[in-house]
Amino acid sequence: MNKEKNIKKYLLSILAAFALWLVDTSATAQVVPDSLFLKNSRPIIFKVNKTKVQRRDSIWITDTLFPLLNSIGPSGVLVGRSAASPEGPYNNNVRLAKGRRDAAFRYLKKMGFDVSRIIFKAVPEDYVLLKYMMKEANDPDYLTVRKIIDENDGKPAVIKQLLKKLDGGKLWKRVLKVYYPELRAVRIMAADTNERHVPSLFDHYEEFPVPTPPTMKIDYNIGQEKVEEENQYDDKYRREMLSVKTNLLEWAAYIPGYGQCPLPNVSIEYYPRHGHFSLGASFDCPWWIGNTTNHKYFELRNYTVEGRYYLRNSDLSYVDHKAAFKGLYFSAYGNTFLYQIGFNANKGWIGEGVGAGAGLGYVMPLGRKQHWRVEFGATFGFFWTKYDPFVYGCPVEKIEDGLYYYNYTGDADLFKKRQHRFMWLGPTRVGVSITYDLLYRKRKEVRNEY
């Protein structure tokens, strides 16, 4: 009896092997299952909203990926799939997917890898990969998520809204924590083109513009969402690098007891290539020299440096081609100044000081190209000054000789300059400024760091 069972098992094994041989020899392209791609590939994980290859991944590329590819031989290629996790704005995810793909590609090229053996895809919001990851993890919500993704093929905004509504938002929070970190990556594996072991997960997605090896045979056999990637880096697009501005309210300043007193001022702001921060400097320079008829003087030199943090990520401008640094911002500043101010013949001060503080504001673009902008802002902080009062005429001899003197009547041998101190804590400036972009930088390609 046992002998008959063994014979049956032997015959079934032969039939199974023969069937597999028939399938293999009749297939026009043998494709590695997508599930196998998920198991054999390794994600190069990026930080949130970043496109820089981290050190731990660069070590893996050098020590593991290259030796594996060399062991395959000339028929080996690198297959990569670049994506952003779907929780952010779609345009920003387009930027991140492309930026991460380009960063990985340039890093491999920098390491001396033959670029003709690289096939990279950019997928802004990779719901298809999310679906396969949930399937491999036997996720209890896999069937529900798969239905939403399949029924809304090519509609990432609809998919996102439907996923957010599932189970009162609990599912969205869970996939955000469990799956999205691995979607924030360039997933890479080595493939052998002679054996046609190329995953089918790359259907419909734009390839990185490098020559495809002539032996490559890819079976595009699954339906997936089609993502139309816009031309992100238009050669004609100019992004601001340096702007010049002036505070209109200071030009219309009125000082009680003094009267109308325009305060000429000019500022510049430097905008880096990426990120949220900018650097600025300003110069206030009223120098209204009065006369002995009204004894009014307003001579001031105020030098300020400022750093700003804009809530909007400036890299979004590479997608929408609008002003990079706009919207709400927070700032910190420091300043130093010297002055000589006279209100009348008996009231004047001369001195110097320093200050510092913080502020907030809002930048609103003007016009279609947004190179003109208007700013609304206010700062709060302190300034500290040491000074001396001065008067017209000698305060000791009570004579007017056409000169101004320190308002001091003590022993001349004991006189020392800047014996008086004053400190202010509170609002230090309010502004409505007009801004114009003075210098621009043209962006023709992504220039991310490694």
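In this predicted model, His276 sits in the loop that links β8 (265-270) to β9 (277-284). The side chain of His276 makes two polar contacts with backbone oxygens: that of Tyr310 at 2.8 Å and that of Leu311 at 3.4 Å. Setting aside neighbours within four places in sequence, the residues touching His276 are Arg308, Tyr309, Tyr310, Leu311, Arg312, Asn313 and Phe325.

On to the cysteines. A pass over the whole structure turns up zero disulfides. Cys261 is buried, since its relative accessible area comes out at 0%. Cys285, on the other hand, is partly exposed, because its relative accessibility is 26% and that class covers values between 20% and 50%.

As for empty space, rolling a probe the size of a water molecule over the atoms shows where it is left. The largest pocket here has a volume of about 1,600 Å³. Its lining is made up of 50 residues, and those nearest the centre of the pocket are Glu250, Asn302, Phe383, Thr428 and Arg429. Sorted by class, the lining of this pocket holds 27 nonpolar residues, along with 15 polar and eight charged ones.

Methods:
Residues are numbered from 1 along each chain as its sequence is written. This is a predicted model: local features need pLDDT of at least 70, side-chain atom pairs count only at pLDDT 80 or more; totals for chains, interfaces and linings use all residues. Side-chain values use heavy atoms; hydrogens and water are left out. On a 1 Å grid over the protein atoms alone, a cavity is a set of points where a 1.4 Å probe fits but cannot get out, and a pocket is an open set with protein on both sides within 12 Å along at least five of seven lines; lining residues have an atom within 4 Å of a point. Grid points are joined across faces, edges and corners, and a volume is the space filled by probe spheres set on the points. Ala, Val, Leu, Ile, Met, Phe, Trp, Tyr, Cys and Pro count as nonpolar, Asp, Glu, Lys and Arg as charged, and the others, Gly among them, as polar. A disulfide is a pair of cysteine sulfur atoms within 2.5 Å. Buried means under 20% relative accessible area, exposed over 50%, partly exposed in between (1.4 Å probe, protein chains only). Helices (H or I, at least four residues) and strands (E, at least two) are DSSP runs, numbered from the N terminus. A polar contact is a pair of N or O atoms within 3.5 Å; within protein, one must be able to donate a hydrogen and the other to accept it, and residues adjacent in sequence count only if both atoms are side-chain atoms. Contact means heavy atoms within 4.5 Å.
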